[in-house]
Amino acid sequence: MLYIIDDADIEKIRECVEFYPVDGVTTNPTIISKQHTDFSSLIRSIREIIGKERMLHIQTTSDTAEEIIKEAYALKEFVGGEFYIKIPISPEGLKATMYLSKNGINVTSTAIFTQQQALIAAKAGASFVAPYVNRLDNIASDGVKVVEEVVELFKLHNISAKVLAASFKTVEQIHKISLTGCHSITINPELYEKLIYHPLTLYAIDDFEKDWETVYGTNSILGLLNN
Ligand code: G3P
C-alpha cells in the first residue's frame, strides 16, 4: 500500500520524508489555503523536498474542461517529475480527464463518494480515484465499504486505475481500508505518527535501555565493539 501525505506544510512534509516511508504528496485548495503563502514557491518547495520520483498530486481550481486542461498543462510544466492533476468528478471534470489521460497527463479523480463515480472516473482514464472515507462516515454512510466495493469492482472489471483512499480521521479507518487491498492512502502527518504509536512499545524500549544500562552502564554497542 502506498502512503501519501495529505498536507502542504513544508516542515511537516520534510519531517515525514525523513522519518517515514512516503510515496508522495496530495494537496487540494483547502490544504494549500491553510498555508497562507505564495502558491508557486510552496509547490516548488514541496517538489524539492520530495524529489522528482515521488508523486505530487495538485488539484485544479477551475470548473470548465477547457480551463482544467490549461491548468493541468501549466502545472505539469511547473511541477515536473511524477505529477498528477487532481480533478473533482463532474461532467466538465470527466471531459478534461478523458482529454488529459489520452494526452500524457496523469489524472487523479477526487471527491469520490460512490462506487459508480469511481468506475466512471476510471473509464474516463483516471489513474487514481480518491474516495473520501471520513466524509462518508460522517453522513452515516460507510467509507470502508465504499472503498472495499470500488477495489472489488476494479478487480472484477480488470480496471488498471488505482484506489487512493482519502479523508481519514482515525487509525481504525486506515486499518480497515488496508484490509480491503486498497492500493494507496493519503493521510495527514499527525495521523501517520499515530499509526506507529503504542505505549507498550515505548515501555518496551524503556525497559531495553534500563536493562542494558544495569550491566553495561552508558557504553554503546559501538563503544564495546571497539574495545
Ligand atoms: O485529499 C482529500 C482530503 O484531503 C479530504 O480530507 O479531511 O478534508 O475530509 P478531509
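The ligand takes up the space of the largest pocket. A pocket here is an open set of points on a 1 Å grid over the protein atoms alone, with protein on both sides within 12 Å along at least five of seven lines. A molecule sits in one if more than half of its atoms lie within 2 Å of the grid points.

The model is predicted: local features need pLDDT of at least 70, side-chain atom pairs count only at pLDDT 80 or more, and totals for chains, interfaces and linings use all residues. Residues are numbered from 1 along each chain as its sequence is written, and side-chain values use heavy atoms, without hydrogens and water.

The largest pocket holds about 450 Å³ of space. H7 gives the largest share, three residues. By type, the lining has eight nonpolar, nine polar and nine charged residues.

Around the ligand stand Asp 6, Asn 28, Ile 31, Lys 86, Tyr 132, Arg 135, Ala 166, Ser 167 and Lys 169 (a heavy atom within 4 Å). This shell divides into three nonpolar, two polar and four charged residues.

| Residue | Distance to a ligand oxygen |
|---|---|
| Lys 86 | 3.4 Å |
| Ser 167 | 2.7 Å |
| Lys 169 | 2.7 Å |

The protein covers 81% of the 310 Å² of accessible area (Shrake-Rupley method, 1.4 Å probe) that the ligand has on its own.

Conventions:
A polar contact is a pair of N or O atoms within 3.5 Å; within protein, one must be able to donate a hydrogen and the other to accept it, and residues adjacent in sequence count only if both atoms are side-chain atoms. On a 1 Å grid over the protein atoms alone, a cavity is a set of points where a 1.4 Å probe fits but cannot get out, and a pocket is an open set with protein on both sides within 12 Å along at least five of seven lines; lining residues have an atom within 4 Å of a point. Ala, Val, Leu, Ile, Met, Phe, Trp, Tyr, Cys and Pro count as nonpolar, Asp, Glu, Lys and Arg as charged, and the others, Gly among them, as polar. Grid points are joined across faces, edges and corners, and a volume is the space filled by probe spheres set on the points. Helices (H or I, at least four residues) and strands (E, at least two) are DSSP runs, numbered from the N terminus.
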